[in-house]
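Subject: Handing over the two-chain model

Dear colleague,

I am passing on to you the structure that we spoke about, and I would be grateful if you could look through it alongside these notes. Please open it first and then read on.

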Amino acid sequence: MAEKSAEKPAAREGGRGAPALIGGRYQVDFAAPLAGAGGGVMAFVARDQQNAASGLMALQIRPNAPARVHAIELLSKSAIPGLLLPLAHGVTFTAEGSEAGFVICGAPPGPSLAAAPRAWGERELLDCVLRPAAMVLDALATRGVTHRAIRPDNIFQGSAGEPVTLGAAWANPPASLQPALFEPPYAAMCHQAGRGEGSGADDIYALGVTMLTLALGRPPLAGLDDTAIIRRKLDLGSYAALVGEARLPAMIADLLRGMLAEDPVHRPPPQLYLDPSAARARRLAARPGRRAQRALKIADQPIWDARSLAYALARRPEEAVHLVRSHYLDHWLRRSLGDAVLAGRADDVVRQRSEFPPEDSRADAMMTMRLIAVLDPLAPLCWRGVSLWPDGLGGVLAEGLQDNSELAGKIDDLVAAEATAGWALMRPELCDVTAIRQTAQHQRMWQRIRGLGGGLARISYALNPLQPCASPLLAGRWVARLADLLPALEAVSQQAERRRGEPVDTHIAAFIAAHQDGRLGGDLGAFAGDAAGAEPQLASLRALSRLQAAFPAPLPGLAAWLIERAEPLIERWHNRARRAETLTQLRHLAQAGQLLPMLALFDDRQALAADAQGLKQALAAAAKIDAERAAWRAASAERRRRATRIGHEIALGSGMMALAVSVGWLVLG
Amino acid sequence: MKAASGSGPVAARPAAKPGRSLVWLQGLACGALATLATPLAVLLGALLLPGLCVLLIDRMPGKPVARTMLLCGAAASVAPAWHLWDHGLTMENSLDLLSDVLTVGLAWAATATGWLIAEVAPICVYLGLEAAAKRRDGEARAARARLEAEWGIPPAEEAALDA
């Protein structure tokens, strides 16, 4: 049964350097790496504290290649013989002292089939490889999960003659580590992280190529690069391209013909391979594609059919614009390929493009994407040179946001144009248009959220539930769940050099928004607002305090950090005495590490209204004083005139008094 | 032509200056005094001479300086005038009194005192008014400073107040 450290936060409290247990019971032994056991992912021996005898390994998750959470959750409760099932996932400290995510699963029973290459016999292939693998794929199909990592170096065998065990494929995006050889061309041409969950038919294809490799004792098409392999598969068909002139047992050849069919629908389901004779008998005749009389040259490569043309345009989208504007595409489709229906559909696409200005590059990209979908409906979505399946968008975004800004820019444009919906509309019989359109609209809505809590990061975290938060603040820490965020921020708050910025940056806000539950929904709306003023700080505090309520733990360091950055919030109080009093109360609350009382202090709307009213009155009083002072200063001349008048009246009065005294003295004296 | 003169604008009579009738009466009184009591007129004319001179040059409305000087000079001239009246209203007695330096000096000193009072009194009043205004300005400034400290209001620009 899967156990996540989220349910037992104490499991991570060992501190740096102290080994923390994953799922409360699994310990990773970094001194014992398992080379080649992880199917391309770093693997270490893992020990179960409750069952020392169990052979386990821990697969290290890369931050830009999120683990397959749905597959892990579905399979961790299952028991499927012949498959290295995931048991738990969680976070622990690596030997370097930084945190990393791991998936715990069973260890391989022996070396991989690629360890000692040899040519396998028909009976051995059927009994040890095909039937066990078909059983596993059938069990996965009933659970709605694909494997997407079937290849000789990820299939293990305890000893000769034993059934093989399929390796783990859970610690990275589906098929992201598969060489192009083992993937159907329409998956191989995709960005490695954008191949999506795919279907059981893709696993059957990979199993077919694996069986061919084992039957030959060497990988086919050795020496060719991925592009050449894909082109050859598209040009000749997978079976012809891979088998070529090789001599295979008739049984194996017949099975491979079905397993390597171009159309996934034509590949028999896994259940059928439990009885290889029945699978051999099932044959679906696929009509070969129409070939042109004369090749179309793109980048010196001759193109003979529509799907090769689609692949060439997917790799070189600028050529599509050139071919359309020169009318050469229409000419080639009608004259050389002789497919008037296809030419007519391509014309429709070009006509839609003409509704936009010629310099509109997004319209060019949309036209190219539609053209490719028309030329080869089985092809994935191709946008500005990046190919992916819609459900692989999350994996591509995770890589683009961390390592590749050019890729992120293209995905940004793809989401803005709702290209997945446009692509689905071009091939409605092959996908669920309504669901894809709704998803595209959701993603567009998240992208359009301005400020914190939106953008590509929001989409990436929403599509990759186990992707760790990529905030620079959390460097060296693995925060893939909300429960881990506050303890990580509390730890960061102890480092003075990291406390210079806001505690909630773009990535953390997007992470919270993507993992939010109902309680946080309203609070995070403020992240979308204008970044000016105190609203972002208040929204941060509100979201963090709600998180603390959901995951209670005192956070004195984070509280002190919030107070340091809360200047705009404190400045909302105009009364200086109230401001000082608030600051004193905040410092007192910070010592207790409780964010909700701090929020209550900042968010006291009644007191804030009274403060604003007080400020209004003070401003009015100051204006009155200023007016009076200005009036007094302006009345200086008037005062001088008044003083002259009064002075002269006083002088006249004095003179009259002197005269009266003189007369009185004369009369009386 | 008669018609032309009849149709022309009627010339407005110039308005009489206020106090002109009073001046006329004062002139009549002085004339009467000079005619009926010439020695007294000579005596008063000599004793009030500075005030009368300032009366001619004082351009201020109501001639407050000259009037103050005349009043003060008159206060000092009451005694000599009574002495002249009492000892016979003759020119000889009048000239005797005028030949007394003390009498003339006292009258003219009183006139000078009147001038001094008329000049200094407005200054003193002005200083008093300014001091009161300054005190009230200081009180207002202190009240505003209290508001600034309490509410963080920006201080007033003194230049703006002067504007």
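This is a predicted model: local features need pLDDT of at least 70, side-chain atom pairs count only at pLDDT 80 or more; totals for chains, interfaces and linings use all residues.

Residues are numbered from 1 along each chain as its sequence is written, while chains are lettered from A and ligands numbered from 1 in the order in which they are written.

Confidence is given as pLDDT, the predictor's confidence in each residue, from 0 to 100. Chain A has a mean pLDDT of 88, with 94% of its residues at 70 or more, but over residues 1-18 of chain A the value is below 50, and this stretch has 38 contacts in the model beyond near neighbours in sequence. Two residues are in contact here if their C-beta atoms, placed from the backbone, lie within 7 Å. Chain B averages 85, and 85% of its residues score at least 70; residues 1-10 of chain B stay under 50 and have zero contacts beyond four places in sequence. For the complex, the predictor gives an ipTM of 0.82 and a pTM of 0.75.

Chain A has 28 helices and 11 strands, both taken as DSSP runs numbered from the N terminus (H or I and at least four residues for helices, E and at least two for strands). The radius of gyration of chain A is 37 Å, whereas a compact globule of 669 residues would have one near 26 Å; the radius is taken over C-alpha atoms, and the globule rule is 2.2 Å times the number of residues to the power 0.38. Along the principal axes, the C-alpha atoms of chain A fill a box of roughly 165 × 70 × 35 Å.

Two helix pairs in chain A share H13(A), and for both of them the axes are lines fitted to C-alpha atoms over the stretch in contact, with angles running from 0 to 180 degrees between N-to-C directions. H13(A) (residues 361-375) and H16(A) (residues 419-426) pack at about 30°, with axes 9 Å apart, which means that H13(A) is roughly parallel to H16(A). Angles under 35 degrees count as roughly parallel, over 145 as roughly antiparallel, 65 to 115 as roughly perpendicular and the rest as oblique. Among the residues that meet are Met366(A) and Met369(A) of H13(A), and Gly422(A) and Trp423(A) of H16(A). H10(A) (residues 317-325) packs against H13(A) at about 90°, with axes 9 Å apart, so H10(A) is roughly perpendicular to H13(A). That contact involves Pro317(A), Ala320(A) and Val321(A) of H10(A), and Asp364(A), Ala365(A), Thr368(A) and Leu371(A) of H13(A).

How many residues of chain A are in contact with chain B? There are 36, and they touch 36 residues of chain B. Helices H25 (576-592), H27 (605-634) and H28 (636-668) of chain A each give two or more residues to this side, and the largest share, 20 residues, comes from H28(A). By class, the side of chain A that touches chain B has 20 nonpolar, eight polar and eight charged residues, where Ala, Val, Leu, Ile, Met, Phe, Trp, Tyr, Cys and Pro count as nonpolar, Asp, Glu, Lys and Arg as charged, and the others, Gly among them, as polar.

With best wishes
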